[in-house]
Amino acid sequence: MIGASRDPSKWGYKVFHNIVSNGYKGRVYPVNPSAAEIDGFRCYPCVGDIPGEVDLGIVIVPASTVLKVVEECGAKKVGALCVITAGFSEVGPEGAALEQELKERTAHYGMRMLGPNTMGFVNNSISLNASIVPKMPPKGWISFISQSGALGLSLVDWAIGSSLGMNCVVSTGNKADVSEADLLEYFEGDGNTWTIAMYIEGLKDGRRFMEAAKKVKKPKLAIKAGVSQAGARAAASHTGSLAGSDMVYDAAFKQCGVIRVEGVEEMFDAAMALSTQPRAKGNRVAILSNGGGAAIMASDACERRGMKVPELKKHTKAGIARLLPAFASVKNPIDTVAKSDYDLYREALKMLVEDKDIDCVMVIYAHAGFTSAAEPAKAVIDTIKEKYPKPVVACWMGGREVSAVASMFRKNKVPYYPVPERAAEALWSLIRYDEYLREAKR
């Protein structure tokens with residue numbers, strides 16, 4: 001790491017400390033001519049003084065000295081660079097010219113480069129936190145590509161608070177070399193990534209992005225920012241991006257199988273479902289709920305998004321009716337009138353996933369304080385473990401006791417949402433992804 005520092009207030013200290021304090025097992029070399037050691041590690045005056053091979057150089061030095069560092073790394077035959085330093089194309093023509101020279105120098109030495117103006121990356125599979133975020137997120141199967149470093153890294157903190165598992169988080173910065181297309185190709189071959197999420201302000205090579213996205217067989221989600229005039233101006237000054245026509249991006253995403261979402265919450269809600277559930281083979285949804293109001297809200301949310309909440313087969317209704325009081329509704333949505341014990345949810349859910357006229361199931365529990373939120377949750381978990389080929393999402397509504405149940409769902413790969421609208425949106429993402437796959441085969 002070139003530009004490592006002993007000053008805890010500087011990024012050079014924070015990034016180096018995060019690398020060595022989060023369990024990374026590789027060798028780490030701080031480079032700073034003014035320090036003998038940093039965080040207990042011997043410090044080297046320049047890259048050339050490091051013994052042995054170097055796979056990656058992380059650069060946090062002033063923009064005016066970055067080219068000198070590139071020359072040193074090139075002479076050392078460093079494999080790749082992550083240039084965190086800012087002050088390039090995002091600041092204007094002079095910075096753009098410096099960025100072009102940086103790109104040419106790294107290419108001359110055969111090095112790939114992330115950045116410049118990146119906030120680094122997190123790779124959970126090798127416990128490498130080469131970023132300014134202090135903690136690693138829980139291990140998971142979602143990898144996130146972000147053109148905004150601050151957004152991407154703040155989402156790591158959000159993921160920790162939400163117990164959302166993530167594999168990699170990559171801040172692309174100005175994309176002088178490594179772009180979304182490169183990362184899509186990488187994550188397609190990465191066994192630890194099941195779903196790819198992206199925050200995009202603008203694409204420098206839209207055609208290459210589309211070609212790469214079409215080859216990726218894993219679910220892909222994207223937020224396209226900078227769609228308003230104010231947003232486009234902000235994107236230009238943020239990472240030097242030209243936002244482009246919103247309609248063009250919309251059409252391009254549809255052609256290459258990228259599911260477009262509006263916000264961060266929607267993106268990770270969808271990613272949670274796509275990374276854990278089987279394909280939705282249609283848009284027919286069954287809803288099981290212990291409360292009529294929640295069931296009605298869920299039905300409305302599904303139908304607004306183009307899903308159907310159809311009548312159940314006669315034998316399905318008859319089977320569920322035997323589990324419920326005579327005054328309960330066994331139509332779709334099913335209202336258990338506050339009854340929510342383990343056996344009821346387990347048996348009713350099994351009948352719904354076995355109904356051939358149903359493609360997806362939403363299970364709802366509204367906590368009223370006089371029943372256990374954990375019992376029906378365990379019923380959902382146990383049913384999903386039987387690996388029925390239909391997606392199931394859970395919506396548990398309530399306070400502290402429900403929050404405790406959330407960790408049960410995360411641990412057992414059950415997509416969980418606090419309100420019916422978010423559960424419906426997650427189901428809709430599964431259906432849209434299946435529609436794309438079927439269209440792509442034609």
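**Close-up views of a predicted model**

**View 1. Strands E3 and E4 pair in the parallel sense over four bridges.** The structure shown is a predicted model. Strand E4 comprises residues 80-83, and within E4 the residue Val83 is the bridge partner of Val59.

**View 2. The largest nonpolar core contains 52 residues.** Phe144 and Met362 touch the most other members of this core. Helix H15 (residues 420-441) gives the most to the core, contributing ten residues. Not counting residues up to four places away in sequence, Phe144 touches residues that include Leu155, Met166, Val170, Tyr199 and Phe268. Another core, of 40 residues, lies apart from the largest one; among its members are Ile38, Cys82, Ala130 and Leu184. In soluble globular proteins, nonpolar side chains tend to be buried together.

**View 3. Helix H10 (residues 292-304) packs with H15 at an angle of about 35°.** The axes of H10 and H15 are 9 Å apart, and the crossing of these helices is right-handed. H10 makes the contact through Ala294, Met297, Ala298, Ala301, Cys302 and Arg304, and H15 through Pro420, Glu421 and Ala424. The residues of this contact between H10 and H15 comprise seven nonpolar, no polar and two charged.

Definitions and conventions. Residues numbered from 1 in each chain as written. Predicted model: local features only at pLDDT ≥ 70, side-chain atom pairs only at ≥ 80, totals over all residues. Heavy atoms only, no water. Pairing = 2+ DSSP bridges. Helix = DSSP H or I, 4+ residues; strand = E, 2+ residues; numbered from the N terminus. Core = buried A, V, L, I, M, F, W, Y, C linked by side-chain atoms within 4.5 Å. Buried < 20%, exposed > 50% of the residue type's maximum accessible area, 1.4 Å probe, protein only. Contact = heavy atoms within 4.5 Å. Axes fitted to C-alpha atoms, helices over the stretch in contact; angles between N-to-C directions. Left-handed = near helix turned anticlockwise from the far one by under 90°. Nonpolar A, V, L, I, M, F, W, Y, C, P; charged D, E, K, R; others polar.
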